[in-house]
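Here's a quick briefing for anyone opening this structure for the first time. Have a look at the sequence and the model, then work through the notes below.

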Amino acid sequence: MIQRILVPYNGAASADAAFNFALGLAKTYNSPVYVLAVIQLAEPPMEVETEAIIENSTQHYQKLFGELHKKAQAAGVTVHASVVTGHPEEQILMKAEKEHIDVIIMGHQTRGKFGRWFIGSVTDRVVDHAQCTVIVVKREHTKK
Amino acid sequence: MTEVWTMAALWVGLALIATLFSIWFRIATALSEIIVGTVAQLIIGALIGSAVLGTKEPWIVFLSGTGAIVLTFLAGAELDPVVFKAKWKEASFIGVIAFLTPFLGCAFVAYKFLHWSIMASWLAGVALSTTSVAVVYAVMLEFGLNKTNFGKAVLAACFINDLGTVIALGLIFSPFTVKTLIFVLVSVVVFIALPWLTPRFFKHYGDRPSELETKYLLLFLFGMGALASWAGSEPVLPAYMIGMVLAGTVGRDHALIRRLRTLTFGLLTPFYFIRAGSFVSVPSLMAAPAAFFILFAGKMVTKTAGVYPATKACKYPEKEARYTTLLMSTGLTFGSISALFGLTHGVINQAQYSYLVAAVIASAVIPTLIANAWYLPRHLIFAQKEINLGALAEHSVEVTEPKKEERL
């Protein structure tokens, strides 16, 4: 039984694919979907710039959440969307623990070799450290 | 004018490159601009000649100085007066010690171990006494500690710490004449009058396309900056103070703050940070890296020697005490402003400036990494009932009813 689903969301096509996949699963199990967007600050955070990043990103995600809300309403699924600040993998794992999430559904990231080496993959880290099941949805999933 | 436009295109081009790097590597724009400025000066200086960047051109000096003034004002305006009033005793105690110990300690280290002159040593003390409010705020926000009594007190202490830095920068190198007295007296009058006058003036004449608010603020920032400069002081001192006294009024006007940020990040601060970076001498750093390590170690040791006992005196548990100590050892904005002040006023030479800027950058990155890796007080995050401080670390935005974003 899946009672709570978490979808980390960054507005990318892969995150949309994960959200659509989650809606299908939520409808089947009649479970709510928690959507989490993480604002990642520049390192090291600077005076004034930090506040600007948080404000701009919050507004950006509010718009995107509006679209997700419409999709969820059409599918008859309850969505709880929130924005947090921090390192994505840590915030996703903390949210999963706090909300007693049963399954995390994530989009598959496509990043070059240098990007993976320098920034790493959030998905890899969540899969490694999550206490619950993690489903990674390929972007091509929606096309099939 | 062709030369001016060409130079402007070069600087804005460098700013654009720096911004792209900051996006690709997820580093702060200011840090990226400092690095781009250093590298550009190195490459352009070697290929064409160091004069091409024109770092001493009056219009570049003006844009750069305005960048420092407006950035400092905005940093001061991020203060939350409500939190500050609630926590001022604890914050003042920790903040004053967090400023004084590295200020005196690093000045001693520079004088004793690096054999710098007395004034250069004081400047080193000022530049390394800072705390990065932004670093502390970001870490607090990430783990929800900004909503705890502990987090609020530490954040308020950071403002006190930086206030100590700008006061020291503004007054130590001032000649202390009648002009200084006039500057201090006028400042006190302006700082008292502005919180009363500004909201009333804006209410009557503001909120129009003519951007009256921006002109009003720039008038006071430039006016007080001119007075500070005339008295031999530093314009960022009144700018930070004006930001702090207007934090409860102008600081709450998000639309105005956003417009000022556009002006600041879009045009002004790139000139400031690229110029600051262009003065860093890589050959000097390579020739004597020990000076950088000594200054960096000096800051870490003196911050620890001051902040750790202060937090213990405030009865902070062991882990929170260590965590606070490391977070308050960070610093970038005011450190670089102080170092550039020293260089442009002939207090330090280019090699000393390079060591200081390198130590300031290292102090912005290394303590945060250590704090998060080993000393994060995780029980404050999860055990909400124990500390009775409300919800977890969430900058939450529900779809149907978005909350207003928190301010510092």
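In chain A, 76% of the contacts with a separation of 6 or more are between residues 24 or more positions apart; two residues are in contact if their C-beta atoms, placed from the backbone, lie within 7 Å. Keep in mind that this is a predicted model: local features need pLDDT of at least 70, side-chain atom pairs count only at pLDDT 80 or more, and totals for chains, interfaces and linings use all residues. Residues are numbered from 1 along each chain as its sequence is written, while chains are lettered from A and ligands numbered from 1 in the order in which they are written.

**Chain A at a glance**

- Chain A has five helices and five strands; helices (H or I, at least four residues) and strands (E, at least two) are DSSP runs, numbered from the N terminus.
- Reading from the N terminus, the elements of chain A go β-α-β-α-β-α-β-α-α-β.
- Chain A has 144 residues, and 45% of them count as buried. A residue is buried if 20 or more other C-beta atoms lie within 10 Å of its own, exposed if 12 or fewer, and partly exposed in between, with C-beta atoms placed from the backbone.

**The sheet of chain A**

- Five strands of chain A make an open sheet, ordered β3-β2-β1-β4-β5, with parallel pairing; two strands pair if DSSP finds at least two bridges between them.
- At the edges sit β3 (79-85) and β5 (133-137) of chain A, each pairing on one side only.
- From one strand to the next, the twist averages 25°. Axes are lines fitted to C-alpha atoms, for helices over the stretch in contact, and angles run from 0 to 180 degrees between N-to-C directions.
- Strands β1(A) and β2(A) run parallel and are joined by four bridges, and A:L6 is opposite A:Y34 in β2(A).
- Strand β4 (residues 103-107) of chain A runs parallel to β5(A), with five bridges between them; A:I105 has A:I135 in β5(A) as its bridge partner.

**What surrounds the strands**

- Helix α5 (residues 122-129) of chain A packs on the sheet, where α5 touches β4 and β5 of chain A and makes about 155° with the direction of β5(A).
- Helix α1 (residues 13-29) of chain A lies across β1 (5-8), β2 (33-39), β4 and β5 of chain A, at about 145° to β4(A).
- β2(A) is largely enclosed by the rest of the structure, because seven of its seven residues are buried.
- In a regular strand the side chains alternate between the two faces of the sheet. In β2(A), A:V33, A:V35, A:A37 and A:I39 point one way and A:Y34, A:L36 and A:V38 the other, and all are buried.

**Helix pairs in chain B**

- Helix α9 (residues 212-230) and helix α10 (residues 236-245) of chain B have axes that come within 8 Å and cross at roughly 140°.
- The crossing of α9(B) and α10(B) is right-handed; a crossing is left-handed if the near helix is turned anticlockwise from the far one by less than a right angle, and right-handed if clockwise.
- B:F220, B:L221, B:M224, B:G225 and B:A228 of α9(B) meet B:L237, B:P238, B:A239 and B:I242 of α10(B).
- That contact of α9(B) with α10(B) has eight nonpolar residues, one polar and no charged. Ala, Val, Leu, Ile, Met, Phe, Trp, Tyr, Cys and Pro count as nonpolar, Asp, Glu, Lys and Arg as charged, and the others, Gly among them, as polar.
- Helix α13 (residues 289-313) of chain B and α14(B) also cross, at roughly 145°, with axes that come within 9 Å; this crossing is right-handed.
- The residues of the contact of α13(B) with α14(B) are three nonpolar, four polar and three charged.
- Helix α14 (residues 318-327) of chain B is mostly covered, with eight of its 10 residues buried.

**Where the chains meet**

- Chain B brings 38 residues to the contact and chain A brings 31 residues.
- On the side of chain B that touches chain A, α6(B) gives the most, with seven residues.
- That side of chain B has 22 nonpolar, nine polar and seven charged residues.
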